[in-house]
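Subject: Structure handover and findings

Hello,

Please find the sequence and the structure below. My notes on what was found come after them.

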Amino acid sequence: MNRAAIFRELNVNSENDAMPKIILETFINAPAEVCFDLMRDIRVHTQTTSQTNEKAVAGVTDGKIGLGQTVTFEGTHFGMRQRLTVKVTEVDRPRLFVDEMIEGRFKAFKHIHEFTPENGGTLMRDTLEWTAPFGILGRIVDKVLLKRHFLALVGKRNRKLKEIAEASV
């Protein structure tokens with residue numbers, strides 16, 4: 001496998017897991033510090049999620065978000081304008097940061113960003129865990145739409161972030 005081009009779905013949870021979970025890995029030919037800082041940059045976030053017209057509308061709306069800070073993103077998902085407010089709950093530069101939903105449509109949403117130096121570059125791992133609203137109806141929507149949506153959204157975002165990171169070194 002060509003590590004320079006890796007982008008793969010590592011794991012999709014089993015039926016026994018309490019919360020749905022996906023893990024994506026992307027290999028980037030750039031140092032972990034570069035990848036880490038780009039991932040926390042609000043401007044880069046909106047640039048790499050252009051397909052949903054994401055905008056930062058409250059909290060940290062420009063620059064790099066840090067521990068304890070919040071940002072509210074507004075974007076179009078499933079044809080509806082939606083808002084999601086997350087708080088950065090853990091930071092260990094340049095290895096890890098975690099953001100968790102504090103306001104939005106989900107019952108729970110957590111995004112773990114990990115950066116591991118590897119082969120002269122960085123293996124970036126995204127782990128997303130969530131609980132959809134609306135009980136059994138939410139679980140059906142989750143199986144039919146949400147996992148696929150998150151895989152496409154995060155996958156496209158990571159490919160764009162990879163391009164930006166690799167062009168910067």
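Basis

This is a predicted model, in which local features need pLDDT of at least 70 and side-chain atom pairs count only at pLDDT 80 or more, while totals for chains, interfaces and linings use all residues. Residues are numbered from 1 along each chain as its sequence is written, and side-chain values use heavy atoms, with hydrogens and water left out.

Helix H1

Helices (H or I, at least four residues) and strands (E, at least two) are DSSP runs, numbered from the N terminus. Buried stands for under 20% relative accessible area, exposed for over 50%, and partly exposed for what lies in between (1.4 Å probe, protein chains only).

Helix H1 covers residues 32–40 and is largely enclosed by the rest of the structure, because seven of its nine residues are buried. These are Ala-32, Cys-35, Phe-36, Asp-37, Leu-38, Met-39 and Arg-40.

Aromatic pairs

The rings of Phe, Tyr and Trp (its six-membered ring) pair if their centres lie within 6.5 Å; planes under 30 degrees apart count as stacked, over 60 as edge-to-face and the rest as tilted. The structure holds six such pairs. In one of them, Phe-36 and Phe-97, the ring centres are 5.7 Å apart and the planes stand at 85°, so the pair is edge-to-face. The pair links distant parts of the chain, with Phe-36 in helix H1 and Phe-97 in strand S6 (residues 96–103), 61 residues apart. Phe-36 is buried at a relative accessible area of 0%, and Phe-97 is buried at 3%.

Phe-106 and Phe-150 form a tilted pair, 5.8 Å centre to centre with 35° between the planes. Phe-106 sits in the loop between S6 and strand S7 (108–118) and Phe-150 in helix H3 (residues 135–168), so this pair ties together parts that are 44 residues apart in sequence. Both Phe-106 and Phe-150 are buried. Together with Phe-109 and Trp-130 they form one aromatic cluster.

Main pocket

Pockets were found on a 1 Å grid over the protein atoms alone: a pocket is an open set of points where a 1.4 Å probe fits, with protein on both sides within 12 Å along at least five of seven lines, and lining residues have an atom within 4 Å of a point. The volume of the largest pocket is about 870 Å³, a volume being the space filled by probe spheres set on the points. The pocket is lined by 43 residues, and the closest to its centre are His-77, Leu-84, Phe-106, Phe-109 and Phe-150. Elements that each supply at least two lining residues include H1, helix H2 (42–48), strand S4 (70–77) and strand S5 (80–92). H3 gives the largest share of the lining, ten residues.

By class, the lining has 23 nonpolar, eleven polar and nine charged residues. Here Ala, Val, Leu, Ile, Met, Phe, Trp, Tyr, Cys and Pro count as nonpolar, Asp, Glu, Lys and Arg as charged, and the others, Gly among them, as polar.

Salt bridges

A salt bridge is a side-chain nitrogen of Lys or Arg within 4 Å of a carboxyl oxygen of Asp or Glu. The structure holds eight.

Arg-125 forms one with Glu-25, the closest N and O atoms being 2.2 Å apart. Arg-125 lies in strand S8 and Glu-25 in strand S2 (residues 21–28), so the bridge ties together parts that are 100 residues apart in sequence. Arg-125 is partly exposed, at 26% relative accessible area, whereas Glu-25 counts as buried at 2%.

Asp-37 pairs with Arg-40, with 3.0 Å between the closest N and O atoms. Both lie in helix H1, three residues apart, about one turn of the helix. Asp-37 counts as buried at 16% relative accessibility, and Arg-40 is buried at 11%. Asp-37, Arg-40 and Arg-93 are linked in a network of salt bridges.

Arg-43 bridges to Asp-62, the closest N and O atoms being 2.9 Å apart. Arg-43 is exposed, with a relative accessible area of 53%, and Asp-62 is partly exposed at 45%.

Regards
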